[in-house]
Amino acid sequence: MTDEITQHLNRARKLLAVVEARAEVELAEVVAHTAYYSRHHAAVAVLLAHGVAIPKPHSGLVARLGQLDRDKGWQAKAEVALLTRALERRLIADYEATDTLTVDHARSARKDATAYASFCERVIR
């Protein structure tokens, strides 16, 4: 495993730890934002581990991960969807002027981020 992959995994783990510790007490928007970037860094590590170029737009990251899933036959459509849902929540958190997200969204983001981290670590090994 390269240093760059390790750095992205470490960043993903740190952000996930924040999400796990703060999901019940932090603004749901902050949790959604942090949970997305935990998954973002984990996805980047997966792509790097499999020699796939990292796209600039966030939606490109989802597309490349989906393509890698199909190429590798992981049957991980649900896990790829977790990244899509995280991106959607992050966009709401970052751009909506009203408090649209709730503590239930934060709890769901925590659960999804934990599952996604496990998936990414599994496919990197």
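Trainee: Where is His-41 found?

Mentor: His-41 is found in helix H2, which covers residues 28-49; helices here are DSSP runs of H or I with at least four residues, strands are runs of E with at least two, and both are numbered from the N terminus. This is a predicted model, in which local features need pLDDT of at least 70 and side-chain atom pairs count only at pLDDT 80 or more, while totals for chains, interfaces and linings use all residues. Residues are numbered from 1 along each chain as its sequence is written, and side-chain values use heavy atoms, with hydrogens and water left out.

Trainee: OK, and is His-41 buried or exposed?

Mentor: His-41 has a relative accessible area of 17%, so it counts as buried (under 20%, with exposed meaning over 50% and partly exposed in between, for a 1.4 Å probe and protein chains only).

Trainee: Which residues does His-41 touch?

Mentor: Not counting residues up to four places away in sequence, His-41 touches His-8, Arg-11, Ala-12 and Leu-15, where contact means heavy atoms within 4.5 Å.

Trainee: Tell me about His-8 then; where is it, and is it buried or exposed?

Mentor: His-8 belongs to helix H1, residues 3-22, and with a relative accessible area of 18% it is buried. Once neighbours within four places in sequence are left aside, the contacts of His-8 are with His-41, Val-44, Ala-45 and Leu-48.

Trainee: Leu-48 makes me think of Thr-2; how far apart are Thr-2 and Leu-48?

Mentor: From C-alpha to C-alpha they are 8.8 Å apart in space, although 46 residues separate them in sequence. Thr-2 lies in the segment before H1, and its relative accessible area of 44% makes it partly exposed.

Trainee: Changing topic: at what angle do H4 and H5 cross?

Mentor: Helix H4 (residues 77-95) and helix H5 (residues 103-124) cross at roughly 140 degrees, and their axes come within 10 Å. Axes are lines fitted to C-alpha atoms, for helices over the stretch in contact, and angles run from 0 to 180 degrees between N-to-C directions. H4 and H5 are therefore oblique to each other; under 35 degrees counts as roughly parallel, over 145 as roughly antiparallel, 65 to 115 as roughly perpendicular and the rest as oblique.

Trainee: Which residues of H4 and H5 meet?

Mentor: From H4 there are Glu-79, Leu-82, Leu-83, Arg-85 and Arg-89, and these meet His-105, Ser-108, Ala-109, Asp-112, Ala-115, Tyr-116, Phe-119 and Arg-122 of H5.

Trainee: What about H1 with H5, what angle there?

Mentor: The axes of H1 and H5 also come within 10 Å, and they cross at roughly 160 degrees, which means that H1 is roughly antiparallel to H5. On the H1 side the contact is made by Leu-9, Arg-13, Leu-16, Val-19 and Glu-20, and on the H5 side by Arg-110, Ala-113, Thr-114, Ala-117, Glu-121 and Ile-124.

Trainee: Last one: what is phi of Gln-75?

Mentor: Phi of Gln-75 is near 55 degrees, a positive value in a residue other than glycine. Gln-75 is placed in the loop between helix H3 (58-72) and H4, and it counts as exposed, at 77% relative accessibility.
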